[in-house]
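Dear colleague,

I am handing over the structure below, and after it you will find what came out of going through its chains and the contacts between them.

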Amino acid sequence: MTDPLLSVSDLRTYFHDGGVVARAVDGVSFDVVEGETVAVVGESGSGKSVTALSILRLIRPPGRIETASSIKFQGRELLQLSDREMRTIRGNRIAMIFQEPMSALNPVLTVGEQIAEVVRVHTDASHHDAWERAVEMLALTGIPAPRERASEYPHQLSGGMRQRVMIAMALVLKPALLIADEPTTALDVTIQAQILELLQRLQEQLGMAVLLITHDLGVVAEVADRVVVMYGGEVVERATVTELFDAPQHPYTEGLMSAMPRLDRDTERLVTIPGVVPPSTAWPSGCRFRDRCSYAWDRCAKEHPPLYSVGNEHESRCHLAVEPLRRSESHTPLTARVGVDS
Amino acid sequence: MVRHAGVASGVIAVIVVVALLAPWVAPYDPIAQPDIIGLKNLAPSLSHPFGTDSFSRDVLSRCIYGARISLSVAALATAIAITLGTLYGAIAGYVGGAVDAVLMRIVDAALSIPRVLLLIAILALWNGLPLWLLVVVLGATGWFGLSRMVRAQVLSMRELDFVAAARALGASGPRILFRHILPNVLPTIIVAATLGVGHVIILEAGLSYLGLGVQPPSASWGSIIQDGADQIGAAWWISLFPGLLIVTTAIACNALGDALRAAFDPRENAVTMAELDS
Amino acid sequence: MQAVIVVAIVTTIVFVLIHIAPGDPFTSAMDNPNVTEAMRARWRAMYGLDQPLLEQYVRYLSNVARGNFGWSFSMHRPVIDVLKDALPNTLLLAGTALVLGFAGGIGLAVIQATRPGSRTDRTLGAGSMFFYAMPDFWLALMMMLIFAYWLPWFPVAGAVDPVMHEYMGPLAALGDRLKHLALPAITLALLSGAAVARYQRAELLRVLPDDFVRTARAKGLSERRVMWVHVLRNALIPTISLLGLSLPVLFTGAVFIERVFAWPGMGWVILNGVATRDYPLVTAGVIVAAATVTLGSLGADLLYSVADPRIRGR
């Protein structure tokens, strides 16, 4: 079996401020195979965005990727590359798009210029050629009248079009991996669907892999091949998308699923997961989800659960994997019981 | 930042105290000319740390007494400017409409004249002004910028909820203005005042240097610099030290003003982290 | 347009000032005992100073509009001619200082913003604070002391060598001019540059955390390109409005510096007029100064709208 395109191993990204350490990403591992779509799911505070930024080494001080971590891309260890080598990867072999297209684009440069810039920096294309590529790319992302649009500024375009521009900018050099950090969250629902469909189409056309960061399970169901669920800076469940939706193992994943509004079921009220994500400066001992978990028992406070294998390509960081009978002893989670959000 | 403000305030306090205690602190009489031949134009030494000038006066003592003039002129002129600017801007901002438009046009025109040029013109036409009048003129030319800032703030605050609430409770216009709005504008005013003192010190020094500001026999730091300007090559100390004093005081005022501004504006504070400490 | 109104108001203010001031040009300007009261009366009539105030005002306004500023007593020439000679000098000085100051200030700010909080940053910051708080005339004196007296690198005063300039070949003459321009211009540039550096640094640091900067890095751009092409382009925009605001400051700074270095510009002319009670000259100088400043602000506004595409559309 060939090596995966991207292999993240025990990634730890900590933020050091004064004497306090925020362990935003605390030992995350997953792989992305060529051409597939892997979704990283979690609430805000779970560390998913920081994971994405870490892969491209876009973490600035006081943040730091700790030395034990490993990120292998196409066989190369990214964390050992020099700055210059890393820059040849960014925008070229691995590209990233962000959540807020308005603020993510430079307001004083035309969109065409911003796309052409990527081409000129990484290849020795002429200004003219780079501009042509930019226009081509705009057309590819479904923007009408691309040549005119290329001379416009971000504030003159709608949100959906700006996101298309971001996608064009990211894909113009046909990267092998696209990291998309909440690409549709800031958009209208109808535009969301269009953008997702665009991403899928381009992915097929270019044969690239996509690492999708999101909190929206609906999006995951649409586009993902495999899913990585994150909580508390860790991976708490890993599975194929069908496995995950058919048989979620981790109580957090269960909670996410039931919090999702479904049209195919009769629900009286939306269920939420009680409590809030603990701060990354002070993860609870043992299992980090225990205060919000309906099944937690004394083992959960004492023993930090490893990633147990619970099926075919399915892992869950929960002691229920080895004590499945406890699943019938559900109770009110600790935070809900105390009645105070901690 | 806090540390800088502390040092700045300390420096200002020291200068003010020395100025207040001038008669007891100054080693010599600032206007005495003991020995025009023997003690003339001496370079700095232990007995005359700042040297003497061409009239054998001790420069250090002159500077200490000069501090009184420079500081009091600056402080009073700024006080006048603050009062005028606040009132003008508050009225313009609160009343609004045509009144506001007219008032602001006048301010715009006034702002387009470089302040120094205006002062030169005024002081040249009425030359030999008594000191208090000089202070008034300085103050009367320095309030335009502040009035714009105050007006902008009052304008935006006029529509806020707490003003509507006060109005609903029956408060009258002026009362709302003074008891409710202006206290919120206070930070801007305080910062402007602190920075303003620094500016006026430099301004007055310049005018005195030109012979238009403080008239003899009174001497501000600027006048002393003027004394030494013609012989800058030969007796450089006469102009150097008062200048350093001006720079020190002005830096202290600016530092304090910046620190106050950072303390008052939380948004600015977010940007003013350790990395920005400069 | 607005600018015309402003200049009109300025003219009015100046006119009012002149006429409420004690005395008139003839009471003190000619303190010659041979000048009799009758002669003074005749001169007043000749210059229309015995007409009703309103008439004088209207006449003055119309004269100003046509560029006729009257006669300079101290220079024995039409005021307009005096100004025509002096204004280019001030523009040269102020213009050079503006370019040097802004270029230097912006460059310094970029250096500081790429390593905020470092020793370099703090030293440069302290330096700009030092120059920012300095009286211009004192700095001029100190510069003259150090670079013209102690280290005789530059000439002490004037715009050209008073004796030799006429005999110099074109290249030498240019060099002579530049040598005389250097010290005053550098002095002025130091002062305005300090203010620019402080302002620009704050702007750069405000823009740096913006999202699009992260996007630029994600595209694989070098830190230098990120700073100069992306961050600076955005952070420069408010500095352009600073350009307009610093014109009055530049002008007033020029006044003092012209005095110290005997640079024959507007400030020097106005100060001379003040010393000799040459009122037409002084008033004309103030009006022209205000007009130049207003024009400059207009220009800066125009530049601003060109620089920021978000504003251009309107």
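Chain C holds 13 helices and two strands, where helices (H or I, at least four residues) and strands (E, at least two) are DSSP runs numbered from the N terminus. Please keep in mind that this is a predicted model, in which local features need pLDDT of at least 70 and side-chain atom pairs count only at pLDDT 80 or more, while totals for chains, interfaces and linings use all residues. Residues are numbered from 1 along each chain as its sequence is written, and chains are lettered from A and ligands numbered from 1 in the order in which they are written.

Of the 314 residues in chain C, 45% count as buried, a residue being buried if 20 or more other C-beta atoms lie within 10 Å of its own, exposed if 12 or fewer, and partly exposed in between, with C-beta atoms placed from the backbone. When contacts in chain C between residues at least 6 apart in sequence are taken, 73% of them join residues at least 24 apart; two residues are in contact if their C-beta atoms, again placed from the backbone, lie within 7 Å.

Chain B has twelve helices and zero strands. Its 278 residues are 47% buried, its C-alpha atoms fill a box of roughly 75 × 50 × 30 Å along the principal axes, and 70% of its contacts between residues at least 6 apart in sequence join residues at least 24 apart. In helix α6 of chain B (residues 131–140), the buried residues are Leu134(B), Val135(B), Val137(B), Leu138(B) and Gly139(B), and what covers them includes α3 (59–95), α5 (115–125) and α9 (173–209) of chain B.

Turning to the interfaces, 43 residues of chain C and 38 residues of chain B take part in the contact between these two chains. On the side of chain C that touches chain B, α7(C) gives the most, with seven residues, and that side divides into 35 nonpolar, four polar and four charged residues. Here Ala, Val, Leu, Ile, Met, Phe, Trp, Tyr, Cys and Pro count as nonpolar, Asp, Glu, Lys and Arg as charged, and the others, Gly among them, as polar.

Chain C also meets chain A, with 17 residues of chain C in contact with 23 residues of chain A. The largest share of the side of chain C that touches chain A, six residues, comes from α9(C), and by class that side has four nonpolar, five polar and eight charged residues.

With best regards
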